[in-house]
Amino acid sequence: MKFGIIKERKNPPDRRVVFTPEELVRLQKEHPEAIIKVERSDIRVFSDDAYEKLGIEVVDDVSDCDVFFGVKEIPVEYLIPNKKYFFFSHTIKKQVHNRKLLRAVLDKKIELYDHETIVDATNRRLIGFGRYAGIVGAYNGFRAFGIKYDLFNLAKAETLPSQEELIIRLKRQILPNIKIVLTGHGKVGMGAKEMLDGMKLKQVSPDDFLNKIYSEAVYTQIDVLDYNKRIDGTVAQSNSDFYKNPKEYTSNFERFSKVADIFMAGHFHGNAAPDILTREMLNASDNKIKVVADISCDVDGPIACTIKASTIADPFFGYLPSENKEVPYSHPGSIMVMSVDNLPCELPKDASEGFGEMFMEHVIPAFFNNDKDGILQRAKITENGKLTQRFAYLQDYVDGK
């Protein structure tokens, strides 16, 4: 089995990589029968020299490999027929802009495995960069707050080497007695929580957050039943009722928008779930939220002010709820929004290290144990020029319907 680590070619450039030099050394040690090649790259966070110093072969041409590992979408012209590829294809939700990519994968009879489709038997995702999105997103939320109120000017996350350094910078700032509400208990939400805890911010219960006044900055982490209520007025006994019957719920997040200064959105939002933070809530006279860090970044989704994805180069914009449009974030009536959709790119070293560890634990063994746990079988989107049964729902998307 020949594994190839490919160069990232999507723009803007992404410095992350699936395997660090150390993880490839570990892979060779645990599976000596594996042959590993790294395609030469001038943008990767780990230099070619870093791989070569540890005995990893770095080459200009990896086309003789059987399996290729990348991070972002691969330009169609660089796809090699009849190979196996792992990367974020951004096709499983029928993203229109990547229809051409999936068609090319099928035409070239490539076996495509999307990092998002690597799940266990209960459909729980096993690998991803979500934690690092939460880490950088929380940092950017405070950076936005400091800029909006001219309190402090934090360095861009991409200029700092690690999560530890981000926390050090945050701890130097003196915060007023603001309230921060955080949604989400998955990898994204918990990544953001790491930052709040790293800053030594006080965590309080949702009830105390809503009803008490504090002399210091505090935060609360809320779950779906904290910000959604059943339309019929009955009280749900568990989250499972919400997940099974999302259309029977409506958001009551306005409880939090009336008291919170910063909203950090780290939740997963299902297609049928109600919107969370509506334009009406933001336009209300008693709305207090002035900074929204939408780490989940669903454009035109559950957070009304996320009308576009912002960029690492230009991460903040203003949203004017009275007119539902973008304005300069300095506008006195605006909500300052951070909605960068590739946040882990700002912390490429840490993100790559964490990703490689997960890949080694959950995916690589499947290549050498006949996929006894079904990891590869579940993740496979295409085979022999056709969609697999699990992803047959994409056929109308491929056909352009």
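A look at the rings turns up 26 aromatic pairs in this structure, which is a predicted model. Take F68 and Y85 to start with: their ring centres sit 5.0 Å apart and the planes meet at 35 degrees, so this pair counts as tilted. The two residues come from distant parts of the chain, with F68 in strand β4 (residues 67–69) and Y85 in strand β5 (residues 84–87), 17 residues apart. Both F68 and Y85 are buried.

Another pair, Y227 with F253, is edge-to-face, with 6.3 Å from centre to centre and 85 degrees between the planes. Here Y227 belongs to helix α8 (residues 224–227), while F253 sits in the loop between β11 (249–251) and α10 (254–257), so the contact ties together parts that are 26 residues apart in sequence.

R9 lies over the face of Y78, at 4.2 Å from the ring centre. Likewise, K179 is placed over the face of F209, at 5.4 Å from the centre of that ring.

Next come the charged side chains. Side chains of opposite charge can pair when their charged atoms come close. The salt bridges in this model number 30. One of them joins R44 and D48, at 3.8 Å from N to O, and both R44 and D48 are buried.

The bridge between K53 and D49 has an N to O distance of 3.3 Å. How exposed are K53 and D49? K53 has 66% relative accessibility and counts as exposed, because the cut-off for that class is over 50%. D49, at 38%, is partly exposed.

R125 and E116 form a further salt bridge, at 3.9 Å from N to O. In this case R125 is partly exposed, with a relative accessible area of 34%.

Notes:
Residues are numbered from 1 along each chain as its sequence is written. This is a predicted model: local features need pLDDT of at least 70, side-chain atom pairs count only at pLDDT 80 or more; totals for chains, interfaces and linings use all residues. Side-chain values use heavy atoms; hydrogens and water are left out. Rings of Phe, Tyr and Trp (its six-membered ring) pair if their centres lie within 6.5 Å; planes under 30 degrees apart count as stacked, over 60 as edge-to-face and the rest as tilted. Helices (H or I, at least four residues) and strands (E, at least two) are DSSP runs, numbered from the N terminus. Buried means under 20% relative accessible area, exposed over 50%, partly exposed in between (1.4 Å probe, protein chains only). A charge sits over a ring if NZ of Lys or CZ of Arg is within 6 Å of the ring centre and within 35 degrees of the ring normal. A salt bridge is a side-chain nitrogen of Lys or Arg within 4 Å of a carboxyl oxygen of Asp or Glu.
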